[in-house]
Amino acid sequence: DDYADLPEIAAKVAEAPMMPTAEWALENNEWHNIVQAYLACVAFVDHYVGVVLDALERSPYADNTVIVFWSDHGYHLGEKNRFTKHSLWERATRAPLIIAAPGIDGGGVCTRPVGMIDLYPTLLDLCGLPAKPTNEGNSLAPLLANPAAAWPHAALTTYGYRNHAVRTERYRYIVYENGAEELYDHEDDANEWHNRADDPAYAEIKQELARHLPERNVPWSPQSHLTVNEYFIEQQQRFGAAEE
């Protein structure tokens with residue numbers, strides 16, 4: 001019943017008809033196989049990351065190279081009845097991010113929310129290059145120096161026109177184009193089972209999180225061809241984009 005407290009548009013945006021549901025995986029005894037295949041992919045990538053790092057260690061560039069490891073966005077393995085990405089929830093938007101650089105002590109773990117948009121200004125900073133004024137991201141250099149440093153920023157994810165998720169260390173706040181909302185308190189709801197958006201006790205928290213929403217929303221490009229589900233096909237037609 002995890003969809004029982006979701007706005008209708010949330011299910012429409014997140015629908016992925018080409019992928020299996022948790023019910024299908026259970027009924028067909030495929031859940032174990034799906035997770036096994038996922039873990040095999042992780043092990044494969046992990047091995048070849050090691051191959052690349054070993055080659056770097058043997059090269060003349062071992063001591064003056066910045067290494068950034070990150071991935072595509074996350075993946076549901078049955079959570080919220082899904083085996084896919086394509087949503088604004090935690091499992092689909094969280095990704096690994098590891099940075100190693102000369103002069104940075106290794107082994108630190110940081111829980112501050114950051115985004116991939118922060119990588120470019122971070123690399124400029126680490127390489128001693130001037131900042132680019134048009135960058136909207138923030139350099140992560142202060143967090144590399146001190147993972148517990150103060151960090152007033154939130155991570156923002158956008159999926160479709162005016163559908164945004166704001167992630168702070170404690171909360172995920174989702175706002176859809178029609179004003180529908182989701183709010184999850186990760187202090188006691190890491191699986192995002194309980195939508196608190198209609199709870200008056202969280203009204204001030206929602207106001208604070210809303211400050212991180214973008215002030216400007218640009219319509220989709222007519223060249224966009226995202227045909228994940230009926231919702232996005234409708235959006236393409238709305239903005240004049242032709243279907244594939």
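Okay, housekeeping. The model is predicted, so to speak of local features we need pLDDT of at least 70, side-chain atom pairs count only at pLDDT 80 or more, and totals for chains, interfaces and linings use all residues. Numbering starts from 1 along each chain as its sequence is written, and side-chain values use heavy atoms, with hydrogens and water left out.

So, the big picture. We've got 8 helices and 6 strands; those are DSSP runs, H or I of at least four residues for helices, E of at least two for strands, numbered from the N terminus. The order is α-α-α-β-α-β-α-α-β-β-β-β-α-α. Along the principal axes, the C-alpha atoms fill a box of roughly 55 × 45 × 45 Å.

How much of the chain is buried? Of its 244 residues, 34%, where buried means under 20% relative accessible area with a 1.4 Å probe, protein chains only.

On charge, there are 18 positive side chains and 37 negative ones, counting Lys and Arg against Asp and Glu, without His or the chain ends. The centres of the two sets sit 4 Å apart, placing each charge at NZ of Lys, CZ of Arg, CG of Asp or CD of Glu.

Now zoom in on α8, residues 230-238. Tyr-231, Phe-232, Ile-233, Gln-235 and Gln-236 are buried there, and their cover includes α1, residues 8-14. At the start of α8, a side-chain oxygen of Asn-229 comes within 3.0 Å of the backbone nitrogen of Tyr-231. Just past the helix, Gly-240 has a positive phi of about 85°.

Notes:
Buried means under 20% relative accessible area, exposed over 50%, partly exposed in between (1.4 Å probe, protein chains only). Contact means heavy atoms within 4.5 Å. A polar contact is a pair of N or O atoms within 3.5 Å; within protein, one must be able to donate a hydrogen and the other to accept it, and residues adjacent in sequence count only if both atoms are side-chain atoms.
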